[in-house]
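Subject: Handing over a structure

Hello,

Have a look at it first, then read on below.

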Amino acid sequence: MQVVSHAPTGWPCLVLNADFRPLSYYPLSLWPWQDVIKAVFLDRVDVVSTYDQMIHSPSFAMKLPSVVSLKQYVTQDRPPAFTRFNLFLRDGFTCQYCPSTDDLTFDHVIPRSRGGRTTWENIVTACARCNLTKGGRMPAQAQMHPRQKPRRPTAHELQNRGRRFPPHHLHESWLDYLYWDIELEA
């Protein structure tokens with residue numbers, strides 16, 4: 001992870017919930033500057049921090065926001081969508097049959113040919129090699145059991161897992177609002 005003092009390409013803005021926590025860690029809750037300016041004018045956000053870059057119109061000028069907080073709290077308790085990305089995030093971007101992180105796909109623990117469904121409770125992350133090795137067999141037949149029993153994660157669990165995968169570039173103005181639970185330097 002690299003902390004930069006110059007604005008990232010495109011001038012993105014970190015969006016915080018009304019409690020000053022990011023809406024999402026992975027992917028990090030960023031809005032394009034155009035959406036942030038619109039939200040400022042619609043009085044939906046408070047500007048917390050700005051870049052040095054100014055934007056101008058014929059009758060108005062302001063610094064581009066680098067961090068904003070929503071004025072209304074958005075609850076984060078809805079169940080996460082069943083997507084490939086969320087599945088990989090639940091499983092830590094690691095094959096559930098071996099420690100590989102390369103060439104990931106997903107595997108039906110109970111194969112579809114045996115009545116297995118495409119649900120949180122029957123899909124795990126697998127590398128292509130393990131997926132091919134297991135094939136259409138049951139875990140006991142293939143002697144391949146997932147390291148963790150697949151289950152539906154909560155939004156909170158996915159947020160916590162997302163903290164382990166920081167973005168490649170962070171603007172210095174964002175640091176005060178990210179990673180509140182990491183150990184501070186002495």
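Let me begin with a pair of strands: strand 4 and strand 5 run antiparallel and are joined by 9 bridges. Helices (H or I, at least four residues) and strands (E, at least two) are DSSP runs, numbered from the N terminus, and two strands pair if DSSP finds at least two bridges between them.

Before going further, a word on the source: this is a predicted model, in which local features need pLDDT of at least 70 and side-chain atom pairs count only at pLDDT 80 or more, while totals for chains, interfaces and linings use all residues. Residues are numbered from 1 along each chain as its sequence is written, and side-chain values use heavy atoms, with hydrogens and water left out.

The sheet

Strand 4 and strand 5 form a hairpin, with 2 residues between them. Within this pair, Val-47 stands opposite Val-68, and Asp-46 stands opposite Ser-69.

The two strands belong to an open sheet of 4 strands, with mixed pairing and the order 3-2-5-4. Strand 3 (30-31) and strand 4 are at the edges with a single partner strand each, so one side of each has no neighbour in the sheet.

Strand 2 pairs with strand 3 in the antiparallel sense over 2 bridges, and Leu-14 stands opposite Leu-30 there. With strand 5, strand 2 pairs in the parallel sense over 3 bridges. Here Val-15 has Val-68 as its bridge partner, and Leu-16 stands opposite Ser-69.

Helix 1 (residues 33-41) lies across strand 2, strand 3, strand 4 and strand 5, and runs at about 90° to strand 5. That angle is taken between N-to-C directions, from 0 to 180 degrees, with axes as lines fitted to C-alpha atoms, for helices over the stretch in contact.

What is covered

Buried means under 20% relative accessible area, exposed over 50%, and partly exposed in between (1.4 Å probe, protein chains only).

Ser-69, in strand 5, counts as buried because its relative accessibility is 2%. Contact means heavy atoms within 4.5 Å. Beyond its neighbours within four places in sequence, Ser-69 is in contact with Leu-16, Asn-17, Phe-20, Arg-44, Val-45, Asp-46 and Val-48.

The cores

A nonpolar core is a set of buried Ala, Val, Leu, Ile, Met, Phe, Trp, Tyr and Cys residues joined through side-chain atoms within 4.5 Å. The largest one has 15 residues, of which Leu-14, Leu-28, Val-67, Trp-174 and Leu-178 touch the most other members. Strand 2 (13-16), strand 4 (45-57) and strand 5 (60-70) are the elements that give two or more residues to this core. Strand 5 gives the most, with 3 residues.

Leaving aside neighbours within four places in sequence, Leu-14 has contacts that include Leu-28, Val-67, Trp-174 and Leu-178. Another core, of 10 residues, lies apart from the largest one, and among its members are Val-109, Cys-130, Ala-142 and Met-144.

Two backbone angles

Most residues other than glycine have a negative phi. Trp-11, although not a glycine, has a positive phi of about 55°. Trp-11 is in the loop between strand 1 (2-4) and strand 2, and is partly exposed because its relative accessible area is 28%. Asp-43 also is not a glycine and has a positive phi, of about 60°; it is found in the loop between helix 1 and strand 4.

The largest pocket

The largest pocket holds about 370 Å³ of space. On a 1 Å grid over the protein atoms alone, a pocket is an open set of points where a 1.4 Å probe fits, with protein on both sides within 12 Å along at least five of seven lines; lining residues have an atom within 4 Å of a point. Grid points are joined across faces, edges and corners, and the volume is the space filled by probe spheres set on the points. Of the 17 lining residues, Leu-23, Ser-24, Gln-76, Arg-78 and Gln-159 are the closest to the centre. Helix 2 (84-90) and helix 5 (155-162) are the elements that give two or more residues to this lining.

Best wishes
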